[in-house]
Amino acid sequence: MADRPHPSTGHDPHPLSADDLHPAPVADSLTGLVPGPGPDDRPRPDAPLVAVTGVTGYVGGRLVPELLSAGYRVRALARHPERLRGRPWYDDVEVVQADAADPEQARAGLEGAAVAYYLIHSLGTGRQFEERDRSTARAFGKAARDAGVGRLIYLGGLAPEHEELSPHLASRTEVGEILLDSGVPTAVLRAAVILGSGSASFEMMRYLTERLPAMTVPRWVDNRIQPIAIRDVLRYLVGAASLPPEVNRTFDIGGPQVLTYRDMMQGYAAAAGLPRRIIVKVPVLTPGLSSLWVGLVTPVPSGIARPLVESLVHEVVCKEHDIAQYVPDPPHGLIDFDRAVRLALTRIQEAAVTTRWSSAGVPGAPSEPLPSDPDWAGGSLYVDERSIQVDASPAALWRVLEAVGGERGWYSWSLAWRVRGLADRLVGGPGLRRGRRDPSRLVVDDAVDFWRVEEVVPGELIRLRAEMRVPGLAWLELRVQPVSGGDHGEWTQAPTVYAQRAVFHPHGLAGQLYWWSVYPFHGVVFGGMQRNIARAAETAERARRDR
């Protein structure tokens, strides 16, 4: 692949078009296969109902709006529906609380659905994930059959035949087989590396290439891979809903090129305007060692990196393209690697990443909402509460709070935050490298470094739930309080009260010891954070007044 200037810094012989940057729904090229929306551009009342699992994840969160644009009524199944409230499509779908592993909940959630998407797998969820994947798939398949669902669609992993597969790839293959045997017509779409802003595979490749101008790599770096752009994946998923009822099989889906991982890293460097990378292959790097290295260099935790790395040990190339018999290729062809990378880079630069790999949350992280009862669960609830008057308007303070974390950091002892993030990664947590999906706007369920957004009340409150490894449950609240006590009639008037509250519910003696061991540093960390956020808001307010 020839070197190419960065799209934003130099002449590009094949520039991205307006249609590339603001693409039409994938359904626009599926005329005759999808019902199409009504006159008001919304699904018709009698349109087929489709149920979607995995809606908090990377693919599921992007599939829902595409299905709506295609004219389907959508029911989103989620164990924690409150996590969907910040999604732009939330008010356009039916949201149902259902655990796919619970047969009764799954059956109720699937009742009346013509099609169900199974977008669940235990990537990075620790020991015994195979049995969890197996039992959940069996429960969901039976629930779909009992509910009279007409079609199941599963996005699995592309796997070679007659080879010993990695545990995660073998589990995904087994899940596909379970659904195919469920008694409900099933389409298993098998993809290799998915290219798109925010996908775990793309982020791993991106950060390895950007941060390492020279690197030693395992021998599998020259294995052949057939990557596919997320937009083409979504198009196949939407089109598969119209498959004839007699179709019950797997389909390999891939982009137009077969590359090696070395090709992909060099291609990314060219698209990003970086010098060609020095890549030296060595025979001693195992998948386990490689995933630990990926966990240190990239934002992707080693627990998630390992199954991604293990899948690269295999050559994953499509053996057939039979899906085109039912879902024809788009008029301008499938998206090639270079265009997919440049589209992803442009979305990252424009902060237009709708979902990320971190959208699905951290396996094993707490999901309980903040307790309101100080004696919740019969145990201690420790609170560090601070407030300060800020010579800035509520609007100025809110803009600072909503942009906290990620590249802007946490406005206090940065070394302490970095050390805490590194310690968290060493014990399998996300650390600070997840960053943010959007640099200036937060919605419920966004990941912010090692926090998860639990609540956003615009202009008033941000509540973050800790997903770092701690012996207990932790939250951080950031609150804006107009001094007048009004209902934002004073939105542009200073002063404002900034209230900050850290809450910790310890688990056992270890939790108690943890709280008291870090408590002496709260004045530096949380006190400094409060003061520096106040200063940042006051600086922004003075700049506004001077304009």
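Axes are lines fitted to C-alpha atoms, for helices over the stretch in contact, and angles between N-to-C directions run from 0 to 180 degrees. Helices (H or I, at least four residues) and strands (E, at least two) are DSSP runs numbered from the N terminus. The model is predicted, with local features requiring pLDDT of at least 70 and side-chain atom pairs counting only at pLDDT 80 or more, whereas totals for chains, interfaces and linings use all residues. Residues are numbered from 1 along each chain as its sequence is written, and side-chain values use heavy atoms, with hydrogens and water left out.

**View 1. The chain as a whole.** The chain contains 15 helices and 19 strands. Of its 547 residues, 54% are buried, where buried means under 20% relative accessible area, exposed over 50% and partly exposed in between (1.4 Å probe, protein chains only). Among contacts (heavy atoms within 4.5 Å) with a separation of 6 or more, 78% join residues 24 or more positions apart.

**View 2. Packing of helices H6 and H8.** Helix H6 (residues 200-211) packs against helix H8 (residues 261-271) at an angle of about 70°, and the two axes are 9 Å apart. H6 and H8 are therefore roughly perpendicular to each other; angles under 35 degrees count as roughly parallel, over 145 as roughly antiparallel, 65 to 115 as roughly perpendicular and the rest as oblique. Their crossing is right-handed, a crossing being right-handed if the near helix is turned clockwise from the far one by less than a right angle, and left-handed if anticlockwise. H6 contributes Ser201, Phe202, Met204, Met205, Arg206, Leu208, Thr209 and Glu210 to the contact, and H8 contributes Tyr261, Met264, Met265, Tyr268 and Ala269. By class, the residues of this contact comprise nine nonpolar, two polar and two charged (Ala, Val, Leu, Ile, Met, Phe, Trp, Tyr, Cys and Pro count as nonpolar, Asp, Glu, Lys and Arg as charged, and the others, Gly among them, as polar).

**View 3. Serine 201 in helix H6.** Serine 201 lies in H6 and, at 18% relative accessibility, counts as buried. With its neighbours within four places in sequence left aside, serine 201 is in contact with Val193, Ile194, Tyr261 and Leu308.

**View 4. Packing of helices H2 and H7.** Helix H2 (residues 58-69) and helix H7 (residues 230-240) pack at about 60°, with 10 Å between their axes. That angle makes H2 oblique to H7, and the crossing is right-handed. Tyr58, Val59, Arg62, Leu63, Glu66 and Leu67 of H2 meet Ile230, Arg231, Leu234, Leu237 and Val238 of H7. This contact of H2 with H7 has eight nonpolar, no polar and three charged residues.

View 5. The 14 residues of helix H5 (residues 167-180) should span 20 Å at 1.5 Å a residue, and the end C-alpha atoms are 20 Å apart, which agrees; the expected span is 1.5 Å times one less than the number of residues. The buried residues of H5 are His168, Leu169, Ser171, Val175, Gly176, Ile178, Leu179 and Leu180. Histidine 162 is placed in the loop between strand S5 (151-157) and H5. Its phi is near 60°, a positive value in a residue other than glycine. At 80% relative accessibility, histidine 162 counts as exposed.

**View 6. Aspartate 445 in a loop.** Aspartate 445 is found in the loop between helix H13 (414-426) and strand S15 (447-448). Although not a glycine, aspartate 445 has a positive phi of about 85°. At 3% relative accessibility, aspartate 445 counts as buried.
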